[in-house]
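This report sets out a description of one structure, from its overall make-up to selected side-chain arrangements.

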Amino acid sequence: MQIFLACLQAQKQHAVPAYSFWEAYFKRGIEEGGHQWIEAPDADWVEVLTLTDNSERSRWRDRIWSRTLESIRQELEHRPIDLFLSYLYPEMIDSSAVREIRRLGIPCVNFFCDNVREFRKVPQQYHCFDLHWVPEVQALSMYAAAGLSHLHLPMPCWIPRTRRTPQHIEKHGPTFVGSYDPLRQHLLARAIELGATITIRGPGWQRDASVPPRPPAERGLPRLLANQIRYIRRQGVRGWLLKFEPYFRPLRVPEIPSGCFAPKVFGDAYMTVTQQSSVILGINRVHTYRNSLHKPVKYSRLRDIEAPMMGACYLTEYTPDLESFYELGHDIETYDSPEELADKIAILLADPERRQNLRRAGQNRALGELSVRESLTKINRALALVPKSSS
């Protein structure tokens, strides 16, 4: 297939949460599946996430989508395009442009990975797509209620071939790699208190986590009121009240001993630590202002595909998504509480053969059934595509 890609490509590094790996995962996964990708030259799809003014966002959409349509029309003069594949937030979307792409005979599919955290219902901007790539089980009913075609598929992930071995020397003990948040601290601190050996690597951990961060200062009462009204419209009154929960009902957590922290790792070093830890941990609880800190939302994250693909011995927090992707207990292990986390760590540390079996089985499953190649095959089948390109 010839795939036109709009998946968080950027022209420079923007001050928003990490995103650059998505472009590489999509592109390399497409190539490994035997397909080709093309893109709009110089299109910065992430820039709009840094803009707060609606008129600036509108101008960005006019500019980027004009460039995208022009690129598509130019490409169609030489060869067909079989699929428009995107990873777009609602504010990135120009529905009329997407409809024009569909009018040109190109099916449009959008991937989004934080439906459960970001939305109460599917945004209206998403209704223009032919099909939605949805990785969270909990979000499927949201798309069904909106009457939108969707597929439950794993997060798109790709690992270099040099990293595709389950044979690793274990140089590190059980490890969690990720940034601080109070939910993670609550879980890990309790497991450590119960006797679990856990090393934590990531930004933001070694600070006074008992004091919640201050909200950003607002300038002027009119702007403050406007922001609060906008927030209530998006998240509801309950969400607005839960926004202040850390101040009137904080999550009390034990301190984590300083000896549990190790230097942060990124990129190649992150892969090395993931592969060389005796057990690598996943945490799937997230904080949203629609749920109490004391009863958080849990859904499967990218790490649940990434770590097994690297051949890690993987122990992650249970979510319903995982049963769609793995044979639990055979491919990966799961836990559902701090107590079970501590118990599972002890069991795995006592059984080197089981750790190796999990590494091998999890990697086979992830590289085979959970690859971008397999997801594209299922999308192709769902759209009843007949590739028009010679590739």
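## Overall make-up

The model is a predicted one, in which local features need pLDDT of at least 70, side-chain atom pairs count only at pLDDT 80 or more, and totals for chains, interfaces and linings use all residues. Residues are numbered from 1 along each chain as its sequence is written, and side-chain values use heavy atoms, with hydrogens and water left out.

The protein chain contains 14 helices and 14 strands; these are DSSP runs numbered from the N terminus, with helices being H or I of at least four residues and strands being E of at least two. Among contacts (heavy atoms within 4.5 Å) with a separation of 6 or more, 71% join residues 24 or more positions apart. The accessible surface of the protein chain is about 18,200 Å², and carbon and sulfur atoms supply 51% of that surface; the areas come from the Shrake-Rupley method with a 1.4 Å probe.

## Helices α2 and α3

Helix α2 (residues 54–76) and helix α3 (residues 95–103) have axes that come within 10 Å and cross at roughly 5°. The axes are lines fitted to C-alpha atoms over the stretch in contact, with angles from 0 to 180 degrees between N-to-C directions. α2 and α3 are therefore roughly parallel to each other (angles under 35 degrees; over 145 is roughly antiparallel, 65 to 115 roughly perpendicular and the rest oblique).

## Aromatic pairs

The whole structure holds 21 aromatic pairs. Rings of Phe, Tyr and Trp (its six-membered ring) pair if their centres lie within 6.5 Å; planes under 30 degrees apart count as stacked, over 60 as edge-to-face and the rest as tilted. Trp22 and Tyr87 form an edge-to-face pair, at 5.3 Å centre to centre and 85° between the planes. Trp22 lies in helix α1 (residues 20–32) and Tyr87 in strand β3 (residues 83–87), so this pair ties together parts that are 65 residues apart in sequence. Trp22 is buried at 5% relative accessibility, and Tyr87 is buried at 2%.

The ring centres of Trp65 and Phe84 are 6.1 Å apart with planes at 35°, so this pair is tilted. Trp65 in helix α2 and Phe84 in strand β3 are 19 residues apart.

Methods. Buried < 20%, exposed > 50% of the residue type's maximum accessible area, 1.4 Å probe, protein only.
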